[in-house]
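Please examine the structure before reading each solution.

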Amino acid sequence: MSATPLPPPSILSFTDMATNLSEVHQSHAHMIKTGLIHSPAAAARLLSSAVATDELPALAYADSLFSRLPAPTSFAWNSMIRAHARAPDPAPALQLFYRMLHSPTRPDKYTFPFVLKACAALPEAFQIHARILKTGFGSDIFVLNTLLHTYAINGLTAEALKLFARMPQKDVISWNAMINAFVTHGLVGRARKLFDKMSERNVETWNFMISGYSNLGLVDQSRELFNLMPVRDIVSWNAMITGCARTGRFDEVISLFQEMQYGNVWPDECTFVNVLSACARVGSLGQGEWIRAYVDKNGIEIKGFLATALVDMYSKCGSIEKALQVFNNTSKKDVSTWNAMIDGLSSHGLGEHALRLFEEMPRNGLVPNGVTFVNVLSACSHEGLLNEGCRIFNDMARVYGIEPEIEHYGCMVDLLGRAGLLVAAEELLRRAPVKDAPVLWRSLLSACREHGDLELAEIAAKQLLELSPFDSSCYIQLSNVYALLGRWEDARMLREMMKVQGVKKEPGCSTIEVDGAIHEFFVGD
DNA sequence: TTAGGGTTAG
């Protein structure tokens, strides 16, 4: 190689500042023209700018640049390993690492965290662990923390604990990784013991504990820590809000959301999605519209999860027109957004429209999934679209490669049952992948009653009672069948059995928004 | 150049 020309600072700083591949290409062209490309340092900077763009084509480009480096420095190797570790397919990162081991360049302390990130499976992580010890990085806190994290997320709590105990020095990140290891496997009590022992905690420490409790539905415990923590960030609020949303504490979701407005934490997409989902569940159109206004005012793009949550909120709060408006005005929609819209139309009695939307999916580059078919089949069932429903059900596996699951069979039993095709419904039920699913028998039973086939109704009701002996509705259903058959003695006996078993009827419950306040009411109120 | 947290639709 010729003597390296003195790099003009302007082009190198332009290279460093490149934010997209086309700017990197410009630098490359300039370097070729000036001969700068022959400087290994300049080429390495080009390479690192390319991978920093995080664009997939940039990765291929960086690969080709890298292959032409005569003697890559450890920095160049590290950049390539990191870039591949972050890509959808991280396997080449490991191959690069093993090539590096056979090259004249030694791995350094930066190499291992990148390599560990690329370990999809545990055997690989164990090999890297051995290599870390062999190459003398077994006491680097960055390397060990990454290793700890790798074990933690792969469920190797015992390995993680062993490593944690042996670490020559630990920082708050090490403790957090250990807490995370326990929490992700539901061992929140053990996590709490560590948490209580910590002399220094940061906001992530608290967040790990809060989401750990929330994920187990222990929202009171999350709330206790949430109230105690000195500083809350957006993740803390979201973990708390998500926990409440998942356990049905919707009014608490909304008050948390209002509370966070007073702090200096700005809601993000995750917050909106969870609050909108709570609005949908309680039918709080007012609060939902408030979020919509907030999103519009702040120029937040409506796409993906947010679009789906808005469509769902408007549908469930009764405003199908606004749901359609969001749907039609959103350019970036994914299959979930379509599913939410199809479901909304179907539950508003617009099954034909729902079906048309389903048929438009392929033309819009979307592949229906299992949920899509639940929604579409249930639309057919509500509208009594027998032929369409049967055709779509048969196409699921044949055309779309999706094996029908219990939910799909449920829709079909419903569809056939409503059409009075009780024998076909029972036949289908017996072909379902999950035997003895109460939902299916319940569907069949109500169809039998509707069409007066009391003989089959008795079979279904008895089956149901056998499957869920503690469900009050099963006793009532069977006793109703006996009443219809005039078998009063059998009906009375069933009510008696219910008493003996201690089965009680739960009152139905719903909520409604009146003047911005959420009210709960029960059947019979 | 290096490690860690939260989300939708049936």
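**Exercise 1.** Identify the residues that form one aromatic cluster.

Solution. The structure is a predicted model. In it, Phe 97, Tyr 98, Phe 112 and Phe 137 form one aromatic cluster. A search of the whole structure finds 16 aromatic pairs.

**Exercise 2.** Classify the pair of Phe 327 and Trp 338 and locate its two residues.

Solution. Step 1: the ring centres of Phe 327 and Trp 338 are 5.1 Å apart, and their planes stand at 80°, so the pair is edge-to-face; the cut-off for this class is over 60 degrees. Step 2: Phe 327 belongs to helix H20 (residues 320-329) and Trp 338 to helix H21 (residues 335-347), so the pair ties together parts 11 residues apart in sequence. Step 3: Phe 327 has a relative accessible area of 3% and is buried; Trp 338, with 4%, is buried as well.

**Exercise 3.** Classify the pair of Phe 358 and Tyr 400, and decide whether each residue is buried or partly exposed.

Solution. Step 1: the rings of Phe 358 and Tyr 400 have centres 6.3 Å apart and planes at 45°, so the pair is tilted. Step 2: Phe 358 lies in helix H22 (residues 351-360) and Tyr 400 in helix H24 (residues 386-400), so parts 42 residues apart in sequence are tied together. Step 3: Phe 358 is buried at 4% relative accessibility, whereas Tyr 400 is partly exposed at 29%.

How values were computed
Residues are numbered from 1 along each chain as its sequence is written. Chains are lettered from A and ligands numbered from 1 in the order in which they are written. This is a predicted model: local features need pLDDT of at least 70, side-chain atom pairs count only at pLDDT 80 or more; totals for chains, interfaces and linings use all residues. Side-chain values use heavy atoms; hydrogens and water are left out. Rings of Phe, Tyr and Trp (its six-membered ring) pair if their centres lie within 6.5 Å; planes under 30 degrees apart count as stacked, over 60 as edge-to-face and the rest as tilted. Helices (H or I, at least four residues) and strands (E, at least two) are DSSP runs, numbered from the N terminus. Buried means under 20% relative accessible area, exposed over 50%, partly exposed in between (1.4 Å probe, protein chains only).
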